[in-house]
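Subject: Structure handover

Hello,

The structure we discussed is below, with the sequence. My notes on it follow.

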Amino acid sequence: MNDRIKDLLQKNPSDEIVTAEGWVRTKRDSKNVCFLELNDGSCLKGLQIVIDKAALNNNNLLSKITTGSSIVAHGPIVKSAGGNQAVEMQSSDLTILGEAGNEYPLQKKRHSIEYLREIGHLRARTNLIGAVMRVRNTLAFGVHEFFQQNGFVYVNTPLISTSDCEGAGEMFQVTTLDLNNVPKTEDGGVDYSKDFFGKMANLTVSGQLEGETYAMALKNIYTFGPTFRAENSNTKRHLAEFWMIEPEMAFCDLQLDMEIAEDFLKFLFKKVLNECKEDMEFFSKFVEKGVKETLELVVNTPFAHMTYTEAIDVLTKNNDNFEYPVEWGSDLQTEHERYLTEVYCKSPVIVTDYPKEIKAFYMKLNEDKKTVRGMDVLVPRLGEIIGGSERESDLETLKARMKELDLNEEDYWWYLDLRRFGTVAHAGFGLGFERIVQYVTGVQNIRDVIPYPRTVGNAEF
Ligand code: 4AD
Ligand code: MG
């Protein structure tokens, strides 16, 4: 494997000639020496290359090196004379691989985050997006680590689906029909029997229903894949395409579900604090003041718990200060969620037992017949980060719920079979992957924690 700059920065000074490859971030020229800062994305810091101009046989070369050009340099790692770094490379043997000229859009100045979005193909070369992507990578690996250590089986659920898990009708349709000449049935509707799958199909909004079928065989499973929602919400925490992690556990009730969710989040926070120290310092200093310290605190504090009814009691007392006042039965908006976690609990809080009217059909009905065994984990700055529930495991109750919601039983025949054949209490939850990247980095807008955000009106790149 070729050395990364991260590895070179860890080397002790010696005469050994090593190779550094990367993109030039800055160039400082003086009479006798030229300093380059070389970055390859392996860590936040760059490697300083010190070039003795007299020793360089091609002085023309230096004039061609500008911010953004790619170079390869050979030389020894020496103790740095400057105070900003422990070691640097002394080189008189370097080659430009690709020039960048003066048009390179990332010249050495601070760029607005909005501008960086316009150059999505280059923004990973900035400190901010580089750090976000390294943390995102650590979190993704951590997701698998947590579940694998605990004996969960990784299951890949389909991306093309013919059922609407969340029942919200916010789905992107998948079709090969000619939109200029749609085949019609006798009563004037679209004739989906002529479509590719012989029925209407969509991109999945959640892998949960299929995930449940595998939990009913393998006990504990998890999914980790792309999810699509045609929600017309232009907010800082919604994407039309996002990644979701959905564990599903058989022989599990809401209580255990919540414990697993809390352990899982804390595992991921700890992992990032331990393994992304340099990047977390950066976020804490430049992105969200103190985000690292907050995370350390959260790792050591038990999450708060309250029922939806208790939450409404708290919120109605503050109704004057909300844009949307609440009453029992209202769906909670971000402002309410943030109030509960930031002001009232001052910690992450798990809200349970929501009115059935505002939650999906599959959630287990409580004895009061009004509320369901659902839970949302709310965190400061974001609001909802996890949504989950114990599932309705009783066939008749589930069928009755579907009827209330006008869901067609035949469409869910296979899902209902789980309640016919060896039904057990089971539960699970969904963590929005970009939401957790947002939370740990403190990045305000979800568009900046995924390489190419898809949102209403935007699918550039
Ligand atoms: O609360 P949601 O809709 O729950 C489900 O999809 C369940 N099927 C999960 C389960 O029980 N297996 O979504 C789960 C999480 C949310 O808490 C949020 O973190 C994230 O997915 N999420 C989004 N993230 C980004 N953009 C969007 N449009 C999102 N919608 C949901
Ligand atoms: Mg939800």
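A polar contact, as the term is used here, is a pair of N or O atoms within 3.5 Å. Please keep in mind that this is a predicted model.

Ligand site

With that cut-off, the side chain of Glu246 makes a polar contact with ligand 1: one of its N or O atoms is 2.7 Å from a nitrogen atom of the ligand. Arg391 also takes part, with a polar side-chain atom 3.0 Å from an oxygen atom of ligand 1. Phe429 contributes through its backbone, where an N or O atom lies 3.5 Å from a nitrogen atom of ligand 1. On its own the ligand has 630 Å² of accessible area, and the protein covers 93% of that.

Of the elements, S16 gives the most, with 5 residues. In total, 24 residues surround ligand 1, and the closest are Glu166, Gln208, Arg229, Glu246 and Glu384. The shell splits by class into 8 nonpolar, 8 polar and 8 charged residues.

Helix H12 spans residues 413-420, and its buried residues are Tyr415, Leu416, Leu418 and Arg419. Viewed down the axis of H12, these buried residues fall within an arc of 140°, so they line one face of the helix. What covers them includes helix H5 (208-218), helix H11 (395-404) and S17. After H12 comes Gly422, which has a positive phi near 70°.

Helix H13 (residues 433-441) is mostly covered, with 9 of its 9 residues buried. Among them are the charged residues Glu434 and Arg435, and also Phe433, Ile436 and Tyr439. H13 is followed by Gly442, whose phi is positive too, near 80°.

Most residues other than glycine have a negative phi. Arg381 is not a glycine, yet its phi is positive, about 75°. Arg381 sits in the loop between strand S15 (371-379) and S16. Its relative accessible area is 23%, so Arg381 counts as partly exposed.

Asp406 is not a glycine either, and has a positive phi of about 65°. The loop that holds Asp406 runs between H11 and H12. With 73% relative accessibility, Asp406 is exposed.

Asn39 belongs to strand S2 (residues 33-39). Is Asn39 buried or exposed? Its relative accessibility is 5%, and the cut-off for buried is under 20%, so Asn39 is buried. A polar atom of the Asn39 side chain lies 2.7 Å from the backbone nitrogen of Gly41. Beyond its neighbours within four places in sequence, Asn39 is in contact with Ile5, Gly22, Trp23, Arg25, Leu44, Lys45 and Gly46.

Asn318 is located in the loop between helix H9 (308-316) and helix H10 (334-344). Asn318 is buried, at a relative accessible area of 11%. Which side chain does the side chain of Asn318 make a polar contact with? The partner is the side chain of Asn321, at 2.6 Å.

Start of the chain

Asp3 lies in the segment before helix H1 (5-9). Asp3 is partly exposed, with 31% relative accessibility. Not counting residues up to four places away in sequence, Asp3 touches Leu8, Lys11, Thr19 and Glu21. Asp3 and Val18 are 15 residues apart in sequence, and their C-alpha atoms are 8.3 Å apart in space.

Regards

Terms used:
Residues numbered from 1 in each chain as written. Chains lettered and ligands numbered in written order. Heavy atoms only, no water. Near = heavy atom within 4 Å. Polar contact = N/O pair within 3.5 Å; in protein donor to acceptor, adjacent residues only side chain to side chain. Areas by Shrake-Rupley, 256 points an atom, 1.4 Å probe, with all protein chains shown as cover. Helix = DSSP H or I, 4+ residues; strand = E, 2+ residues; numbered from the N terminus. Buried < 20%, exposed > 50% of the residue type's maximum accessible area, 1.4 Å probe, protein only. Arc of directions from axis to C-beta. Contact = heavy atoms within 4.5 Å.
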